[in-house]
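Student: I would like to learn how to read strand pairing and ring contacts in a model. Can we work through one together?

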Amino acid sequence: MKNIYFSIILPTFNRANLIKRAIQSVVDQEYKNWELIIVDNYSNDSTEEIVKSFSKNNIKFTKFKNHGIIAKSRNHGIKLSKGEYLAFLDSDDWWYPQKLNLTHDIIQKYSSDLIYHNMHIKNSNSNFVKKSLIDIALDFEAKQNITENKVDDSIKKLNELINKSKLSQ
């Protein structure tokens, strides 16, 4: 089985109160072959200090002015990435420890270039409101975004992993 290297791109802005949980959810992944690229839109809170408290070689921190367009931060992260597959995580979200293992297995089984899935949404009492399974598909909107070499905010309606080689250089 091929050992896939994932690049996880995490854009942020003034999320000091939330980003630690997002980063920790990546660090806690059962699958360990990844890099985390945190793209900070020049936060003026303690976001940078929290990121730097994680002393891991596979966590990279960069500042990038996105002028209010979060897709620019994602695209900047793509340019810095070294992974074969790209995953996106927002700074107010987190992953289950099995996420990369499960997606790795699906990539291996189906030779998938794009995997997308819905999120598990919890209410304020930590009860699940919505659950869904991982889907393997490439809808028209996602295909168009990939072929136009961009990740815009429309593709962030779902959690996804994308084969980087499918983006035109």
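Tutor: Start with the strands. This is a predicted model. Strand 2 and strand 3 (residues 59–63) pair in the parallel sense, over five bridges.

Student: Which residue in strand 3 is the bridge partner of Val-39?

Tutor: Thr-62 is the bridge partner of Val-39.

Student: What unit do strand 2, helix 2 and strand 3 make?

Tutor: A right-handed β-α-β unit, with helix 2 spanning residues 47–52.

Student: Now the rings. How many aromatic pairs does the structure hold?

Tutor: Two. Look at the angle between the planes: over 60 degrees counts as edge-to-face. Phe-6 and Tyr-31 sit at 80 degrees, 5.5 Å centre to centre, so this pair is edge-to-face.

Student: Which parts does that pair tie together?

Tutor: Phe-6 lies in strand 1 (residues 6–12), and Tyr-31 in the loop between helix 1 (19–27) and strand 2 (34–40). The pair therefore links parts that are 25 residues apart in sequence.

Student: Are Phe-6 and Tyr-31 buried or exposed?

Tutor: Both are buried.

Student: What about the rings of Phe-6 and Tyr-85?

Tutor: Their centres are 6.2 Å apart and their planes at 55 degrees, so the pair is tilted. Tyr-85 lies in strand 4 (residues 85–88) and Phe-6 in strand 1, so this pair ties together parts 79 residues apart in sequence. Both Phe-6 and Tyr-85 are buried. Phe-6, Tyr-31 and Tyr-85 form one aromatic cluster.

Student: Where does Arg-21 lie relative to Trp-94?

Tutor: Over the face of Trp-94, at 3.3 Å from the ring centre.

Key: Residues numbered from 1 in each chain as written. Predicted model: local features only at pLDDT ≥ 70, side-chain atom pairs only at ≥ 80, totals over all residues. Heavy atoms only, no water. Phe/Tyr/Trp six-rings, centres within 6.5 Å; stacked < 30°, edge-to-face > 60°. Helix = DSSP H or I, 4+ residues; strand = E, 2+ residues; numbered from the N terminus. Buried < 20%, exposed > 50% of the residue type's maximum accessible area, 1.4 Å probe, protein only. Lys NZ or Arg CZ within 6 Å of the ring centre and 35° of its normal. Pairing = 2+ DSSP bridges. Right-handed = clockwise from strand over helix to strand, strands pointing away.
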